[in-house]
Amino acid sequence: MSKLGNIGARLHRGEVSYDFIGKRKIWFTVSIVLMVVSLGALFVKGLALGIEFKGGVEYQAKVQVTDNTVTDVTEAVKATNAKDLGDPVVTTIGQDQVRVQTKPLSQDDIAKVRAAIAQEVGVGANQVSNSQIGASWGSQIANKAILALIVFLVAVFGVIWAYFREPKASMAAIIALLHDVLITVGIYALIGFDVTPATVIGVLTILGYSLYDTVVVFDKIRENTRGITGSNRYTYSDATNLAVNQTIVRSINTTLIALMPVGSILVVGTVVLGTGPLKDLSLALFVGIAVGAYSSIFVAPALLAMFKEREPGMQALSRRVTAKRAQTASGGKAVPAAATAGVAAGGGGSEAARKQDRPKASSATAGTPVASNRPVKSTSGAGRPQPTRKPRSKRGK
C-alpha cells in the first residue's frame, strides 16, 4: 500500500486525526477575509459584463495577428468618430482572428466601423461579420440567471432537508454555496474576465459540484452521529471531525482529478485562443471547484457542528463526555485510597504498610515465649479436650 493510501486508511480508522472542527475559527476567518475582498472588488471594480448582458455590436474579421494588431485596430475604430462609440474592446482569437465590441450604434455608424476594420486588416468589408445584441435582451439574460440561482438554492435547501431530515444541514450547505458563489464572482471582478452566459453556466455547474462534495461529508457525519446521545464517548463535534478526516482523502483526490482537465482548458482558452466561451467557462469551473472543495471540508461541516452543538441534547452530551474524560484523566494520575488499601492488604504495598497490617500482641501475652514445636491443646467453649496432632517427627512410630 502506498504511503498516501496508508495515511488515508489510518484517517478512516481514526488512528490519526486533524482537528478540523476545533480550529473552525481559523477557517471562518479565512472565509470572511476572502468574502470581504470579493465584495470590495465587486463594489470598487465591478464585473466586466460581456456584450450579451449590456448589449452592443460585435465585429469579427480574419487577420494575421501581430503584436500591434490590437492597438492598430483600436485606433482605426476610434477614428470613425461614431456617435456613442465609447472605448471599443478589441481582442484577438488565436493567431488569425480579431474581435471588436462596441456599444449599441446606429446602422450608419455600424457600416463606418465595419469599413474601418476591413481597411485596417486588409480585407473586404463583406469579410467583416457583425452582430447586434440589444440591451434589453442582455437584461433578460441577467434576470433569468439570477432567477435560476434562486430556484437552485431553494431546491437544494428542500432536497437536503428531506434527505437528512435536518434543517440545520440545509442551512450549512446553503451558506457554503453562497460562500462559493461570492468568492468565484469576486475573483472574476479582480481579474477582469468578461462575464458571459458561459460564465453563468460555469457558476451553476460548480454549485452542483460543491453540493455533491458537501453531501458526501454530511452523509458520513450522519453515519457517525446516529444514536450519539445514548453514548458518552464522543460529542457531536468529535463525530463530525472524524467524518471529515474519513472523507478528506477522497475529497482531495476528486478535486485534483477534476482540476487537471479544467486547468488545461483554462490554459488553452486564455493563452492559445485568447478569448471565447472556453475561457469564460473554465475560469468559473476552476475557481469554483477549488473553493467548493475548501468549503466542503472546512466550512460546511464546521457550520453544521456549530448549529447542532447549540441544541440542549447536544449540550448535555458534551457535559457528560467532558465529565467522563475528566474522571478518566484523574484516574490515570492518582490511585484511589481504596485501591491503595487493597494493594497493601494483598502484600503489594510498602514495607510500612505491611508492618502496619501485622496483628499486634496484646499486653497480657506480651513477652511470653511461644513453643513452636510442641502440640498445643485447644479447648472449645465447653471445656472438653480436643484432639491434638503429633509432631511430624513422631508420626508413624
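Visitor: How many salt bridges does the structure hold?

Guide: A salt bridge is counted when a side-chain nitrogen of Lys or Arg lies within 4 Å of a carboxyl oxygen of Asp or Glu. This is a predicted model, and the structure holds 8 salt bridges.

Visitor: Which side chain meets Lys168 in a salt bridge?

Guide: Lys168 meets the side chain of Glu311, at 3.2 Å from N to O. Lys168 belongs to helix H7, while Glu311 sits in the loop between helix H10 (277-308) and helix H11 (312-333), so the pair ties together parts that are 143 residues apart in sequence.

Visitor: Staying with H7, at what angle do H7 and H8 pack?

Guide: The angle runs from 0 to 180 degrees between N-to-C directions. For H7 and helix H8 (residues 197-225) the angle is about 145 degrees, and the axes are 10 Å apart. The crossing of these two helices is right-handed.

Visitor: Which residues make the contact of H7 and H8?

Guide: H7 contributes Ala169, Ala172, Ala173, Leu177, Asp180, Val181, Thr184 and Tyr188. From H8 come Thr199, Val203, Ile206, Leu207, Ser210, Leu211, Thr214 and Phe218. Sorted by class, the contact of H7 with H8 has 11 nonpolar, 4 polar and 1 charged residues.

Visitor: How do the axes of H4 and H5 cross?

Guide: Helix H4 (residues 69-78) and helix H5 (residues 107-121) cross at roughly 145 degrees, and their axes come within 9 Å. The crossing of H4 and H5 is right-handed. On H4 the contact is made by Asp72, Val73, Ala76 and Val77; on H5, by Val113, Ala116, Ile117, Glu120 and Val121.

Visitor: How do the residues of the contact of H4 with H5 divide by class?

Guide: There are 7 nonpolar and 2 charged residues in the contact of H4 with H5, and no polar ones.

Visitor: Which helices supply at least two residues each of the nonpolar patch?

Guide: Helix H2 (24-44) and helix H7 (167-191) do. Val37, for one, lies in H2.

Conventions:
Residues are numbered from 1 along each chain as its sequence is written. This is a predicted model: local features need pLDDT of at least 70, side-chain atom pairs count only at pLDDT 80 or more; totals for chains, interfaces and linings use all residues. Side-chain values use heavy atoms; hydrogens and water are left out. Helices (H or I, at least four residues) and strands (E, at least two) are DSSP runs, numbered from the N terminus. A crossing is left-handed if the near helix is turned anticlockwise from the far one by less than a right angle, and right-handed if clockwise. Contact means heavy atoms within 4.5 Å. Ala, Val, Leu, Ile, Met, Phe, Trp, Tyr, Cys and Pro count as nonpolar, Asp, Glu, Lys and Arg as charged, and the others, Gly among them, as polar.
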